[in-house]
Amino acid sequence: MLDIALLPGEYAVCRLPAGTTVPYALSSGLRGADVVTVSWTSDGISVICPADRAPAQAVLETTWRCLRVTAPVALAATGSLAALVDPLAEARVSAVTFSTFDTDYLLVPTVRLAEGTAALQRAGHRVTG
């Protein structure tokens, strides 16, 4: 069982062309629980950020809600992401995941938040927020 916190506000999953400069506004002035992650590949740049901070030139996916595993997750731990994603898949709720050194995050579409949190709770996880 994992303790999961629902972060405030909506999030965007964005794509920028390879070689684009990531806007400075994404790395400055984060508020409270805000999370921003940037991944660079030869195919492009992926950004997950609060929806109101999404780069204007980015291709955006639908709005998402962000959930954070509240306790640190050891890098060597196995199965923690599966424990989150499997119940969502069974409930037919899309998910986007990413991890930091300390913990795991997942995003579910805003329009499916109720179904997603219910699926996580049925799997034994505690969701707050």
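## Terms and model

A residue is called buried when its relative accessible area is under 20%, exposed when that area is over 50%, and partly exposed in between (1.4 Å probe, protein chains only). Helices (H or I, at least four residues) and strands (E, at least two) are DSSP runs, numbered from the N terminus.

The model is a predicted one, in which local features need pLDDT of at least 70 and side-chain atom pairs count only at pLDDT 80 or more, while totals for chains, interfaces and linings use all residues. Residues are numbered from 1 along each chain as its sequence is written, and side-chain values use heavy atoms, with hydrogens and water left out.

## The chain as a whole

The chain contains two helices and nine strands, arranged along the sequence as β-β-β-β-β-β-α-β-β-α-β. Its radius of gyration, taken over C-alpha atoms, is 15 Å, close to the 14 Å that the globule rule (2.2 Å times the number of residues to the power 0.38) gives for 129 residues, so the chain is as compact as a globular protein of that length. Of the 129 residues, 37% count as buried.

## Strand β8

Strand β8 (residues 104-109) is largely enclosed by the rest of the structure, because six of its six residues are buried. In a regular strand the side chains alternate between the two faces of the sheet. Both faces of β8 are covered: Asp-104, Leu-106 and Val-108 are buried on one side, and Tyr-105, Leu-107 and Pro-109 on the other.

Two strands pair if DSSP finds at least two bridges between them. Strand β6 (residues 64-69) runs antiparallel to β8 and is joined to it by five bridges; Leu-67 has Leu-106 as its bridge partner in β8. Strand β7 (residues 96-99) also pairs with β8 in the antiparallel sense, over four bridges, and Ser-99 has Asp-104 as its partner there. A hairpin of four residues links β7 to β8.

## The two helices

In helix α1 (residues 80-90), the buried residues are Ser-80, Leu-84, Pro-87 and Leu-88. They lie on the same side of α1, because they cover an arc of only 100° around the axis, judged by the directions from the helix axis to the C-beta atoms. Ala-89 and Glu-90, on the other side, are exposed. Cover for the buried residues of α1 comes from elements including β1 (3-6), β6, β8 and α2.

Helix α2 (residues 113-122) contains Thr-117, which is buried with a relative accessible area of 15%. Leaving aside residues up to four places away in sequence, Thr-117 touches Leu-67 and Val-127, where contact means heavy atoms within 4.5 Å.
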